[in-house]
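Trainee: Could we go through this one together, step by step?
Mentor: Gladly; have a look first, and then ask away.

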Amino acid sequence: MSNKIGLKGRFFRGLKIGILVVPFLGLAACWSEQVAIPPDAPGVSRSEEYSFGSATQAEDWQATRKVLGQLEGRFGEKSVRILARNLASTTDPQTIKSYYADRLVHQAGWAEMPVSTFADKAWAFAFVSPNGKQVLAVAALDASESAGGIVPLNILTNLDEDKGSKG
């Protein structure tokens with residue numbers, strides 16, 4: 001009789017430990033899951049060369065550098081890389097933000113992180129992973145008449161590049 005009680009006690013003790021440990025293992029698996037950079041948003045394209053003149057390049061770098069400084073302050077120097085892209089000047093910045101929000105916030109549980117370009121003619125946004133270790137930010141210049149249909153857009157991130165995102 002005492003042997004049955006001992007077995008039941010061991011079983012329930014193991015069950016209690018399992019009930020406590022399984023959710024933590026699930027959370028750990030979610031936190032360690034590495035998200036790759038989502039494919040380029042509609043209106044975003046890649047170029048072999050930088051497609052803009054020196055004045056635009058200076059404005060682009062000024063805005064991007066401000067965002068980069070904010071990210072490096074949180075994620076460490078040289079941990080964030082810049083991926084240069086072109087943005088169709090007819091594309092609404094909110095469309096780009098919604099595209100990345102759908103892939104990061106809604107599907108992977110990321111949160112928006114405030115960033116600023118501190119520039120009059122630029123915009124930016126950023127998302128941070130649930131564990132606070134990964135980031136994806138976008139900084140771009142506002143569209144202008146002289147842009148020739150495209151403006152510079154930069155993705156700042158410490159995520160692995162998605163090999164299928166050649167958009």
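Mentor: Let's start with Asp102, which is partly exposed, with a relative accessible area of 32%. Keep in mind that this is a predicted model.

Trainee: Which residue forms a salt bridge with Asp102?

Mentor: Side chains of opposite charge can pair when their charged atoms come close. For Asp102, the closest N and O atoms of the pair are 3.3 Å apart.

Trainee: Is Asp40 buried or exposed?

Mentor: Asp40 meets the side chain of Arg46 in a salt bridge, 3.1 Å from N to O. These two and Arg85 are linked in a network of salt bridges. Arg46 counts as partly exposed because its relative accessibility is 29%. Asp40 has a relative accessible area of 8%, and buried means under 20%, so Asp40 is buried.

Trainee: How many residues apart in sequence are the parts that Glu112 and Lys97 tie together?

Mentor: Glu112 forms a salt bridge with Lys97, with the closest N and O atoms 2.6 Å apart. Glu112 lies in strand E3 and Lys97 in helix H3, so the pair ties together parts whose separation in sequence is 15 residues.

Trainee: Which element gives the most to the largest nonpolar core?

Mentor: This core has 22 residues, and Trp123 and Leu87 are among those that touch the most other members. Strands E2, E4, E5 and E6 and helix H3 each supply at least two residues of the core. With 5 residues, the element that gives the most is H3.

Trainee: Is Thr91 buried or exposed?

Mentor: Thr91 is found in the loop between E2 and H3. Beyond residues up to four places away in sequence, Thr91 touches Pro42, Gly43 and Ile96. Its relative accessibility is 16%, so Thr91 counts as buried.

Terms used: Residues are numbered from 1 along each chain as its sequence is written. This is a predicted model: local features need pLDDT of at least 70, side-chain atom pairs count only at pLDDT 80 or more; totals for chains, interfaces and linings use all residues. Side-chain values use heavy atoms; hydrogens and water are left out. A nonpolar core is a set of buried Ala, Val, Leu, Ile, Met, Phe, Trp, Tyr and Cys residues joined through side-chain atoms within 4.5 Å. Buried means under 20% relative accessible area, exposed over 50%, partly exposed in between (1.4 Å probe, protein chains only). Helices (H or I, at least four residues) and strands (E, at least two) are DSSP runs, numbered from the N terminus. Contact means heavy atoms within 4.5 Å. A salt bridge is a side-chain nitrogen of Lys or Arg within 4 Å of a carboxyl oxygen of Asp or Glu.
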